[in-house]
Amino acid sequence: MAEHSHDLKLVHVRDLYVRGDIMKKAQELADVIAASEEVAIYRKAEEQIQNNERVQSLIKLIKKKQKELVAFQSTFKNEQMVAKIEQEIEELQDELDGIPIVGQFQQTQHDINYLLQMVISVIRDSVSDKINVETGNAEPPSRCD
């Protein structure tokens with residue numbers, strides 16, 4: 001029996017070579033997303049956060065308290081101080097979350113994540129409809145030898 005050059009070959013997902021045309025379209029889509037209003041709002045909010053002294057001060061203080069917390073948990077084994085520091089961190093986080101620009105920044109992060117998840121869902125569903133594959137199954141089909 002003659003071999004055909006178009007015989008099917010099992011390919012694991014990790015071994016797939018992504019064709020240049022697919023990568024080009026993916027880059028074009030990434031460029032469109034990067035130029036979106038959601039990303040522009042995110043960048044503006046990020047810049048405002050980076051330039052806000054109170055926000056930066058709170059972030060530094062929270063990080064410092066988190067290091068203290070780890071020390072009192074692991075090194076000193078002092079549960080009383082752990083509880084005290086946890087309360088301090090919670091209060092600092094509440095203050096940080098209460099600053100309007102922080103809320104706006106968090107909302108823009110959520111909006112961009114939602115946009116990306118929507119794009120992924122549309123691509124996955126469109127491909128699944130066309131080739132009738134199950135979604136969410138990352139395992140390659142079993143090999144029949």
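Visitor: Which residues touch the most other members of the largest nonpolar core?

Guide: Before we look, remember that this is a predicted model, where local features need pLDDT of at least 70, side-chain atom pairs count only at pLDDT 80 or more, and totals for chains, interfaces and linings use all residues. Residues are numbered from 1 along each chain as its sequence is written, and side-chain values use heavy atoms, with hydrogens and water left out. Now the general idea: in soluble globular proteins, nonpolar side chains tend to be buried together. A nonpolar core is a set of buried Ala, Val, Leu, Ile, Met, Phe, Trp, Tyr and Cys residues joined through side-chain atoms within 4.5 Å. Buried means under 20% relative accessible area, exposed means over 50%, and partly exposed lies in between (1.4 Å probe, protein chains only). Here the largest core has 16 residues, and Ile49, Val55, Leu96, Ile99, Ile101 and Val102 touch the most other members.

Visitor: Which elements give two or more residues to this core?

Guide: They are α2, α3, α4 and α5. Helices are DSSP runs (H or I, at least four residues), numbered from the N terminus.

Visitor: What is Ile49 in contact with, leaving aside its neighbours within four places in sequence?

Guide: Contact means heavy atoms within 4.5 Å. By that rule, Ile49 meets Val55, Gln56, Ile101, Val102 and Phe105.

Visitor: Let's turn to charges. How many salt bridges are there?

Guide: Side chains of opposite charge can pair when their charged atoms come close. A salt bridge is a side-chain nitrogen of Lys or Arg within 4 Å of a carboxyl oxygen of Asp or Glu. The count comes to seven. One of them joins Lys25 and Glu28 at 3.7 Å, N to O. These two are three residues apart in helix α1, so about one helical turn separates them. Lys25 is exposed, at 55% relative accessible area, while Glu28 is partly exposed at 35%.

Visitor: Where do Glu95 and Arg54 lie?

Guide: Glu95 is in helix α4 (residues 79–97) and Arg54 is in helix α3 (residues 53–75), so their pairing ties together parts that are 41 residues apart in sequence. Their salt bridge is 2.5 Å, N to O. Glu95 is partly exposed at 36%, and Arg54 is partly exposed at 41%.

Visitor: Is Lys65, which pairs with Glu88, buried or exposed?

Guide: Lys65 is buried, with a relative accessible area of 16%. Glu88 is buried too, at 19%. Their salt bridge is 2.8 Å, N to O. Lys65 belongs to helix α3 and Glu88 to helix α4, so this pair ties together parts 23 residues apart in sequence. Salt bridges with shared partners join Lys65, Glu68, Lys84 and Glu88 into one network.

Visitor: And in the loop between α1 and α2, where Ser36 sits, which side chain does Ser36 meet in a polar contact?

Guide: The loop lies between α1 (20–34) and α2 (37–50). A polar contact is a pair of N or O atoms within 3.5 Å; within protein, one must be able to donate a hydrogen and the other to accept it, and residues adjacent in sequence count only if both atoms are side-chain atoms. The side chain of Ser36 makes such a contact with that of Glu38, at 3.3 Å. Ser36 is buried, at 14% relative accessible area.
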